[in-house]
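I am opening a notebook page on this model and will write down what I looked up, in the order in which I looked. The conventions and cut-offs will go beside the entries that need them.

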Amino acid sequence: MATIEIDDLRKEFEMDDGGTLTAVDDVDLTVEDGEFLVLVGPSGCGKTTTLRCVAGLEEVTSGAIRFDGEDVTDLRARDRDVAMVFQNYALYPHMNVRKNLGFGLKLSSERTSAEIRDRVEEVAEMLGISDLLAKRPRDLSGGQQQRVALGRAIIREPEVFLMDEPLSNLDAKLRSEMRTELQELQHDLGVTTMYVTHDQTEAMAMGDRIAIMNEGELQQVGTAEEVYTAPENEFVAKFIGSPSINLFSADVADGVLRGPGEFAYALDDASWVEGRDRVRVGVRPEDIRLVESGGNAAETAVVEPMGNENFLYADLAGHELTARIASQLRPAPGETVRFDFDETALYLFDPETGDALKTKTAATDVSVSEHVSAEGESA
Ligand code: ADP
Ligand code: MG
């Protein structure tokens, strides 16, 4: 097992028009020994390129890759002791599952056939595919094929797993099952893992830590809770969370945030916006509550029932405002609602740089017993 250090990694591609495209822009990132790190970001932000550099499939423009302190930047992929799983896991169609699993071992190790057979059966057992060993890939479901692809990766007991959107070809239900399984498997094996996805929900659910990229640049690295409650910039705030955070611009005067339309919010603590006349304001949908009076007004557009709660979409002077409200609350389309939120839940960003000026300031580490007693009091 290994620590992966990505040190100032830069990857440029020469374009046909003679220009260069910077796919990875000086990324610095350490994946701890045994950690499951998820690299997430929108399509084209440089995730796959980063992973391919770590794998040795792509030559770096500058920077270094180290495994456990050893510089592997110039090592070929096959000398790096990494195993990869891709979205398009190409299994050998003419080989049965047993041969697909054993093939890599046969090539790369000095094991006897009996040892290979034992190892194949051990891995098949681990992945719950023991009864499929005699089948060909075409006779397997998508989920079963993906398991075989995983099996091929883990059979060699590599130091590092690299996975690039390995679940994205599966349907939603299977995908969420496989997420859990993959996490458990990684946890049991303890192999340092970099896992790429464009799906923030998947990232939040799976990662010990999440690294968020945009346009080749690393935006933030942290636990799910850290990137959600304390995003370093507006991009991260917007990318993480579903439904996504409400964001709009406001003018600042005498500690009051104004706009869009009639929106006004008086800050208790005006020091957040000291010396500024304009900010970007963010509020998460679950932090918005409907009130009888006071607060601000918005016009209901749609209410989507989720069963346990409703999503309210309302118009705030041309901006869509999303709120998660109690399932009993069902304002009609066109109806004016009044809403409010606590200052502790408010996010503020610099309108030029996008840097966070304020994120959630509420205590986040409420213990279970405190929570229970608080509920008891209100009942
Ligand atoms: P992601 O995996 O996050 O979707 P990629 O790493 O695949 O993003 O791509 C990052 C950027 O680099 C994109 O603009 C993509 O078009 C470009 N790119 C990737 N591979 C190549 C290549 N071999 N040649 C030229 N441009 C590439
Ligand atoms: Mg990709």
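**Entry 1, the antiparallel sheet.** I began with strand 1 (residues 4–14) and strand 2, which run antiparallel and are joined by eight bridges. For my own use I note that strands are DSSP runs of E with at least two residues, that helices are runs of H or I with at least four residues, and that both are numbered from the N terminus. Two strands pair if DSSP finds at least two bridges between them. Within this pair I found that F13 has L21 of strand 2 as its bridge partner, and that K11 stands opposite V24 in strand 2. The hairpin of strand 1 and strand 2 has five residues between the strands, and there G18 takes a positive phi near 90 degrees.

Before going further I recorded the terms of reading: this is a predicted model, in which local features need pLDDT of at least 70 and side-chain atom pairs count only at pLDDT 80 or more, while totals for chains, interfaces and linings use all residues. Residues are numbered from 1 along each chain as its sequence is written, chains are lettered from A and ligands numbered from 1 in the order in which they are written, and side-chain values use heavy atoms, with hydrogens and water left out.

I then followed the whole sheet, which is open, has four strands in the order 2-1-4-5 and shows antiparallel pairing. Strand 2 and strand 5 (70–71) are its edge strands, each pairing on one side only. Helix 1 packs on this sheet, touching strand 1, strand 2 and strand 4 (62–67), and its direction makes about 115 degrees with that of strand 1. Contact here means heavy atoms within 4.5 Å; axes are lines fitted to C-alpha atoms, for helices over the stretch in contact, and angles run from 0 to 180 degrees between N-to-C directions.

I next looked up an open sheet of six strands, with mixed pairing and the order 6-7-8-3-9-10. Strand 6 (82–86) and strand 10 (217–222) stand at the edges with a single partner strand each, so one side of each is left without a neighbour in the sheet. From one strand to the next the twist averages 15 degrees. Strand 6 pairs with strand 7 (residues 160–164) in the parallel sense over five bridges, and F161 in strand 7 is the bridge partner of A83. Helix 1 lies across strand 3 (36–40), strand 6, strand 7, strand 8 (192–197) and strand 9 (209–214), at about 155 degrees to strand 7. Helix 4 (residues 142–154) lies across strand 6 and strand 7, at about 170 degrees to strand 6.

Which residues surround ligand 1? I listed F13, L21, A23, P42, S43, G44, C45, G46, K47, T48 and T49, a residue being near if one of its heavy atoms lies within 4 Å. A backbone N or O atom of G46 lies 3.0 Å from an oxygen atom of the ligand, an N or O atom in the side chain of K47 is 2.8 Å from a ligand oxygen, and a polar side-chain atom of T48 also lies 2.8 Å from an oxygen atom of ligand 1. Helix 1 gives the largest share of the shell, three residues.

Most residues other than glycine have a negative phi, and most peptide bonds are trans. A cis peptide bond joins S242 and P243, with omega about -5 degrees, and another joins G259 and P260, with omega about 5 degrees.

Terms used:
A polar contact is a pair of N or O atoms within 3.5 Å; within protein, one must be able to donate a hydrogen and the other to accept it, and residues adjacent in sequence count only if both atoms are side-chain atoms.
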